[in-house]
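Here's a quick tour for anyone meeting this structure for the first time. Have a look at the sequence and the model, then read on.

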Amino acid sequence: MTKPQKKRLFISIAIIVGILVVDQIIKILVKTNMQIGESISVIGNWFQLLFIENDGMAFGMSFGGNTGKILLSVFRLVASVGIAWGIVYLVKKNARKFLIVSLSMIFAGAVGNIIDSCFYGLIFSDSTYHVAQMFPTEGGYAPFLFGKVVDMFYFPIISTTLPEWFPIWGGEHFTFFNAIFNFADAAITIGIFMLIIDQLFLSKNDKKDTETPAAEKQQKAKNSFEEENVD
């Protein structure tokens, strides 16, 4: 492996390990110190730690009961393996660091939530009405693959009642931003935005770089042809 490849691999591993460690530390601290529904104000009312659990989709969403839970877990595992293969492939190809960073963030976020889904049901007691215990003697609250993902970041930046004259939703309560998410979700979201930026802008620069030598060759051939005709 060349020096640039080693550097890219190190960056990827550092990002993945760093996100996983931070994500799991936050989740374990929340799980072992808070009960479901409990909130702690961090900055006024617009940044709170609000402990909820969900069946595995990002930002507190659910999908299809037990069957959906299994399908979602399997999909995540398969997708994570695919992303990991893609990262290794890009490292070997000396791809852009920006692209490798974005995929590493998505991979780390996906794995962070997979850990919850696969193992939290085995190693924690239930968090309803009381703080969970880690490795309880009576066993965990759910079997393998049926654990719930821990979410806690809540940013109700705007919380108000819409005026009566407002179309359709007049008089209803409105909250922005009302999604509750975790550190892994944030890593996935940022990684996806970076990936979009990479594909929309940075990849075009690469195409220009690869097209430039060919264009130069064509121009040189044209100049040579014109010189021969002048002679």
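Let's start with what counts as an aromatic pair: two rings of Phe, Tyr or Trp (for Trp, the six-membered ring) pair if their centres lie within 6.5 Å. Planes under 30 degrees apart make the pair stacked, over 60 edge-to-face, and the rest tilted. By this rule, the count comes to 8 aromatic pairs. Keep in mind that this is a predicted model.

| Pair | Type | Centre to centre | Angle between planes |
|---|---|---|---|
| F47 and F153 | tilted | 6.4 Å | 50 degrees |
| F47 and F155 | stacked | 4.5 Å | 5 degrees |

Where do these rings sit? F47 lies in strand β2 and F153 in strand β3, so their pair ties together parts that are 106 residues apart in sequence. The other pair also links distant parts of the chain: F155 belongs to the loop between β3 and β4 (158-161), 108 residues away from F47 in β2. Ring pairs join F47, F153, F155 and F181 into a cluster.

Is F47 buried or exposed? Its relative accessibility is 16%, and the cut-off for buried is under 20%, so F47 counts as buried. F153 is buried as well.

Now for the overall layout. The chain holds 4 helices and 6 strands, and from the N terminus on its elements run α-β-β-α-α-β-β-β-β-α. Of its 231 residues, 35% count as buried. If you take the contacts between residues at least 6 apart in sequence, 66% of them join residues at least 24 apart.

Next comes the sheet. In general, strands of a sheet pair through backbone hydrogen bonds, either parallel or antiparallel. Here, 4 strands form an open sheet with antiparallel pairing, in the order β1-β2-β3-β6. The edges belong to β1 (39-43) and β6 (180-181); each has a single partner strand, so one side of each is left without a neighbour in the sheet. Helix α1 (residues 3-31) packs on this sheet, where it touches β2 (47-54) and β3, and its direction makes about 90 degrees with that of β3.

On one pairing, β2 and β3 run antiparallel over 5 bridges, and V149 in β3 is the bridge partner of N54. On another, 2 bridges join β3 (residues 149-154) to β6, again in the antiparallel sense. There, I180 in β6 is the bridge partner of Y154, while F153 stands opposite F181 in β6.

Conventions: Residues are numbered from 1 along each chain as its sequence is written. This is a predicted model: local features need pLDDT of at least 70, side-chain atom pairs count only at pLDDT 80 or more; totals for chains, interfaces and linings use all residues. Side-chain values use heavy atoms; hydrogens and water are left out. Two strands pair if DSSP finds at least two bridges between them. Contact means heavy atoms within 4.5 Å. Axes are lines fitted to C-alpha atoms, for helices over the stretch in contact, and angles run from 0 to 180 degrees between N-to-C directions. Buried means under 20% relative accessible area, exposed over 50%, partly exposed in between (1.4 Å probe, protein chains only).
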